[in-house]
Structures are given as structure tokens and as C-alpha cells.
Amino acid sequence: MSLVVIHPAPDAAWADLRLDGVLRYALEERETHTLRRAEELEGLEGSTLLFVLPLGEAGINLEYTRMLLRLRTRPHLLQGCTAGIIVDGAGELYTKSAAAELALALNRSGCALPGRPLVEGTGSLANFAVQAKNLGTDLMGAYRAAARELVERLERERFPRRVRPKLLVLHASSHHTSNTMDLWSRAKESLKDCCDIREIGLRNGTLSDCSGCPYTMCLHFGERGGCFYGGVMQEEVYPAVREADALVLLCPNYNDALSANLTAFINRLTALFRQTRFYDKAVFALVVSGYSGGDILARQVISAMNMNKSFYLPPHFALVETANFPGQALALPGIEERLEGFSRNIRNALLAR
Ligand SMILES: Cc1cc2nc3c(=O)[nH]c(=O)nc-3n(C[C@H](O)[C@H](O)[C@H](O)COP(=O)(O)O)c2cc1C
């Protein structure tokens, strides 16, 4: 099947020069079809996509902005697609934030992302220092190799389905008053017949944040199935993650970010990540804000769990709601349909057909 390359033309032609070279190498001898304008994003359902984004110095691409508009206003435009992303910048900023924004828009229009879907070229390519050293090449060599490897993975990888998937649900909320927990309790009702569900509460005081051990020390503890700090993470959470087919993160908005406990969990996953990749595990999220900002948390989950920690991002991975007072979430207009949609997305992504 031919790969569809979505490559919005940059505002200034020079912003494409480096990227063109990387693409020539990554796509060598491949059948591809390239789309450069927003209006061309049509009839793509079920395709394998490579979204290539030249950002220039200021992190802006006007044709891309027009594509973003199209993605955000058509929730099924990319139904059944899988995408990888290459973002190229002329400066040191904006590449990662633009990629996370794009990933969320792709996902909300029905597109899945494999674990580690992003190849990012900052202006200096300093972000490739470690990979270049490991490969024994220079920064540009590492960039080109990463782009080619992404294309190969897009062609090869398929997320495995299960007869009875194991869901691990992680939360850090008070059961009695939490809107996030209320929504999850309802979603659980329509999932418990087809999935094995395990819930773990990461409550205050049970989890220390990552201490940022040197790489070799982290690797040393990780290889023994643990981490410098041990505790509930080592005894309960790591084994549960290893066993799970998918994680469901329950994410109340705390100061426009994931709560400290959930963030500590993700940071501490690093020790496990050192010895294993999570490409065959999916991540879902249920996000609730009192006022606004749910997209920021959804992006944070994508950056941390999908882009960094390699979890598969299924289409429409997050239910994102706004509710403040206790009980308000379950009274939102249309919430039953959206909850059913969320449960259906989990079933569709995980269950063997
Ligand atoms: C420490 C703290 C910080 C919060 N910060 C925000 C915020 O930045 N933006 C927002 O929309 N809501 C914020 N909220 C409100 C929660 O997101 C809101 O209560 C929502 O219902 C989810 O939390 P719950 O599951 O505990 O009910 C905050 C709540 C707490 C306790």
C-alpha cells in the first residue's frame, strides 16, 4: 500500500531544504503520494500517513494551520488511518509543542499513532546527540536514520488485538467527590464484560517522584525489575503495567497539568522503559477540567506516554470533559453518548474481531 505524505508547503521555501534531503533518504524506492494543501485532505480513511511539518525559525507554517483547521473540524476525516510525524525547525523551540498539537488533532480526527511516532529535527539537531553516538554517525546521519526507521515501522507494525484485554486504570483522586472517578465508574460498566479491569490508586504519599539517577544506575535497577526508590511502584505498579494490554489514565486538571502523582508515575516508568518498549500496549485517558484546558492535558499524555514512552495511541484515545462541582460531570448534556463512544473506542482498539 502506498504511503501518503502530508507535507504542508512552508511559508519560506528555504525551510524545506534540510527536510527534503531527509525525506529523499527515508522514502527511497517507496511508492508515495504527497499532499501539500489543506484542500487535498479528503478521502484518506484507512491510509498510512507520514505528516511532515517544516516550521522554519518561528515555529509557524500557515498552510499547516489551514490543515489543523480541517482536522479539528472533521472528527472522522482520518478514520482508520495510522500516522507518523516528522517536524523540522530552524530554531531550538516549537518543534515538540507543534508535534504534540498535531498529534492530538490527528487523533481526534480518528487517526492512530504507533509508539514513538515523532522524528524531530531542532535547528542545531542537538536532540540527536545520543542517537548519533549510539549509531557512530553524525547528527544529520542520526536524523536521516530515525526518519527511515519511522517509515519502516509505519509499514510494518500492527497493534495486536486480544480476546479479553487487560485494562490497568491509574488514578489519584478521592472516590467520593471526583468528577473524573464518576465518569470512569460509568465507562467501566460497559467495559467490564469484555475486559479484565484492575484499578490502582496513586494517592498522596505512596509514590516518590523519579530521583533522576544516572543512566547506568537506572538501567541497573530496571534490569532487576525495580527502581532506586522501590515501594508501591516496584511492588505493585511495574508488574501491573507489564501485565496490562492498555492503560487508562484518569486525569483531573491540576493547574493545567497532570496531577503530581500521575506525573511521578510516568517519570518512574523510565526504569521499566529502559528494559522494555510499550509498542504493544495502548494508552487511553479520561480528562476532566473544572474550567478549561483539557487539550493541554491530552497533549501532555501524548507527549509523555506515546511520544516518549512508546505506548500505542488508539484513535480518539481521550474523553475530554469540563465539570467543576461534585456530580456535575455525569449531568453534562450528551455525556451518556460520549461515555458510550469512549468505551466503544476502547473496545474497537483492543478486542480481537
Ligand atoms: C489543585 C487543583 C488545581 C486545579 N487546577 C485547575 C486548573 O488549572 N484548571 C481547571 O480547569 N481546573 C482546575 N482544577 C479543578 C479540577 O480540574 C476539577 O475539580 C475537575 O472536576 C476534576 O477534578 P475531580 O476529578 O477531582 O473532580 C483544579 C483542582 C485542584 C484540586
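Reply: Two strands pair if DSSP finds at least two bridges between them; helices (H or I, at least four residues) and strands (E, at least two) are DSSP runs, numbered from the N terminus. This is a predicted model, in which local features need pLDDT of at least 70 and side-chain atom pairs count only at pLDDT 80 or more, while totals for chains, interfaces and linings use all residues. Residues are numbered from 1 along each chain as its sequence is written.

The part in question is an open sheet of 5 strands, paired in parallel and ordered E7-E6-E8-E9-E10. Its edges are strand E7 (196-201) and strand E10 (318-322), each of which pairs on one side only. From one strand to the next, the twist averages 15 degrees (axes are lines fitted to C-alpha atoms, for helices over the stretch in contact, and angles run from 0 to 180 degrees between N-to-C directions).

Helix H8 (residues 231-243) lies across strand E6 (166-171) and E7, and runs at about 155 degrees to E7. Helix H11 (residues 335-350) also packs on the sheet, where it touches strand E8 (246-252), E9 and E10; the direction of H11 makes about 165 degrees with that of E9. Contact here means C-beta atoms, placed from the backbone, within 7 Å.

H11 has a helix partner as well. H6 and H11 pack with their axes 9 Å apart, at an angle of about 60 degrees. They are therefore oblique to each other (under 35 degrees is roughly parallel, over 145 roughly antiparallel, 65 to 115 roughly perpendicular, the rest oblique). On the H6 side the contact residues are Leu183, Arg186 and Ala187, which meet Leu339, Phe342 and Ser343 in H11. By class, this contact of H6 with H11 has 4 nonpolar, 1 polar and 1 charged residues (Ala, Val, Leu, Ile, Met, Phe, Trp, Tyr, Cys and Pro are nonpolar; Asp, Glu, Lys and Arg charged; the others, Gly among them, polar).

H6 and E9 also reach the ligand. Helix H6 (179-189) and strand E9 (282-289) each supply at least two residues of the shell around the ligand. There are 17 residues around the ligand, of which Thr180, Pro252, Ser289, Gly290 and Tyr291 come nearest (near means a C-beta atom, placed from the backbone, within 6 Å). The shell around the ligand divides into 5 nonpolar, 11 polar and 1 charged residues.

How values were computed:
Contact = placed C-beta atoms within 7 Å.
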